[in-house]
Amino acid sequence: MKFFAKRKLNKQLEQLSERSVINPKKIKRLIFIHDVDLDITESQFEEFCAIFSNSYDLIEYVNYAENKKMLEGKPRPHLHSKSIDWYGRFIDNELNYVMSQKYDLLVHFVSNISIPLQLFSSKLDASFRIGPFSLDKRLNDLVVSEKSDFSFFLLDVKKYYKKIKPNEFF
């Protein structure tokens, strides 16, 4: 049991509940956390990114799975159950580097929720956050229904993000 990790997560989530949401005018830096159990094609991801901006300075893609073996052969950084130690500190230098950056948009496309995922997400400095309702409500500014098909996830994001930014057309 990662008792100290849970305590650290609760502290991080409390800090998130006090932050003010900023919907960025231009999205130049995006981080996408993808559960490898859920399929997504490169063209779907490009279509998704086009919703928010046509040009990016940085798109960070983090592969996530409960089981570390599921991430073999996937590009790094990897987020999994062994990513944190008993005290809730991240072991992987690539994940620490990602957490040190500032992002305009954070998107969760996940189905399995774990302490490392929640802790990692809570430590990210992102102006606006999108994710499924199954994650803690403090982790996301725009909550969409949990979908296992990226096409439906994409439709939900388009529909609700359009309501937030009504002057943009999709």
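1. A quick definition to start: buried means under 20% relative accessible area, exposed means over 50%, and partly exposed lies in between (1.4 Å probe, protein chains only). By that rule F32 is buried, because its relative accessibility is 0%.

2. Please keep in mind that this is a predicted model, where local features need pLDDT of at least 70, side-chain atom pairs count only at pLDDT 80 or more, and totals for chains, interfaces and linings use all residues. Residues are numbered from 1 along each chain as its sequence is written, and side-chain values use heavy atoms, with hydrogens and water left out.

3. On to the rings: a search of the whole structure turns up 13 aromatic pairs. Rings of Phe, Tyr and Trp (its six-membered ring) pair if their centres lie within 6.5 Å; planes under 30 degrees apart are stacked, over 60 edge-to-face, and the rest tilted.

4. One of these pairs is F32 with F45, edge-to-face at 5.0 Å centre to centre and 65° between the planes. The pair links distant parts of the chain, 13 residues apart: F32 lies in strand β1 (residues 29-35) and F45 in helix α2 (residues 42-52). Helices (H or I, at least four residues) and strands (E, at least two) are DSSP runs, numbered from the N terminus. F45 has a relative accessible area of 13%, so F45 is buried too.

5. F32 also pairs with F150: the ring centres are 6.1 Å apart and the planes at 75°, so this pair is edge-to-face. Here strand β1 is linked to helix α5 (residues 150-164), with F32 and F150 118 residues apart. Both F32 and F150 are buried.
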